[in-house]
Amino acid sequence: MRKRNTRNTSSSRSPIARASRARRQSRRGGSSDYESHGRQNELHELFLDELADVYNAEQQLTKALPKMAKAAKSEELREGFEMHLQETENQIQRIEQVAETLGESIKRKTCKAMRGLIEEGSELMQEKKGSAALDAALIAAAQKVEHYEIASYGTLCAWAKQMNHHEALELLHETLEEERATDEKLTQLAEDLANIEAEQG
């Protein structure tokens, strides 16, 4: 009896026993790694869903911008919308490149937020048609769109960085900077021209 206890005690302290415990700990650690990988997969799926959302949002915008440019009273604002249309078309191609770098295809999805913003902008254009406040209203509608896009691309950049999607991050960040620059230009046009005309009118 005493001999068996001694053998059990010594075996529990043996290198083999320690190695066995290490393997068990390693397997437990491996389980954690798997769970972490699973979370990353979920983030990747969320990333692709948001990418599809903003892809559709940009497509909707390519149809709305020509109407906004046509409605604008000032030449500066009209040119601004036309320039942003070209940027938006490039941004659509950039989103396609993002998907390609990941070996993914873009899902079919309708961006309800952009649809709502565009509908609201259209209603505003009708309400302010012929008004001195038309350009101010157009800028307000356009900046709501820009702020939505800035939030979307900012989120995509954060997720791409988290998952080490370096090429995707570079492409998305380029678009994010363009959206920020457009928002600043719209603010300048509002302060220098549109808001003043609306107040005087």
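How many disulfides does a search of the whole structure find? The search finds zero disulfides, a disulfide being a pair of cysteine sulfur atoms within 2.5 Å. The views below show a predicted model, in which local features need pLDDT of at least 70 and side-chain atom pairs count only at pLDDT 80 or more, while totals for chains, interfaces and linings use all residues. Residues are numbered from 1 along each chain as its sequence is written, and side-chain values use heavy atoms, with hydrogens and water left out.

**View 1. Helices α4 and α5.** The axes of helix α4 (residues 112-127) and helix α5 (residues 134-162) come within 9 Å and cross at roughly 175 degrees; helices here are DSSP runs of H or I with at least four residues, numbered from the N terminus, and the axes are lines fitted to C-alpha atoms over the stretch in contact, with angles running from 0 to 180 degrees between N-to-C directions. The two helices are therefore roughly antiparallel, a term for angles over 145 degrees. Their contact (heavy atoms within 4.5 Å) involves residues including L117, E120 and L124 of α4 and L138, K144 and Y148 of α5.

**View 2. The salt bridge between K144 and E120.** The side chains of K144 and E120 meet in a salt bridge at 2.5 Å, N to O, where the term means a side-chain nitrogen of Lys or Arg within 4 Å of a carboxyl oxygen of Asp or Glu. K144 lies in helix α5 and E120 in helix α4, so the pair ties together parts that are 24 residues apart in sequence. K144 is partly exposed, with a relative accessible area of 42%, and E120 is also partly exposed, at 38%; buried means under 20%, exposed over 50% and partly exposed in between, for a 1.4 Å probe and protein chains only.

**View 3. R94 and its partners in helix α6.** R94 is buried, with a relative accessible area of 9%, and forms a salt bridge with E174, the closest N and O atoms being 3.4 Å apart. E174 lies in helix α6 (residues 166-200) and R94 in helix α3, so this pair ties together parts that are 80 residues apart in sequence. The side chains of R94 and E178 also meet in a salt bridge, at 3.2 Å from N to O.

**View 4. The surroundings of H84.** H84 is found in helix α3 (residues 75-101) and, at 4% relative accessibility, counts as buried. Leaving aside neighbours within four places in sequence, H84 is in contact with L61, L65, E146, E149, E179 and T182.

Key: Angles under 35 degrees count as roughly parallel, over 145 as roughly antiparallel, 65 to 115 as roughly perpendicular and the rest as oblique.
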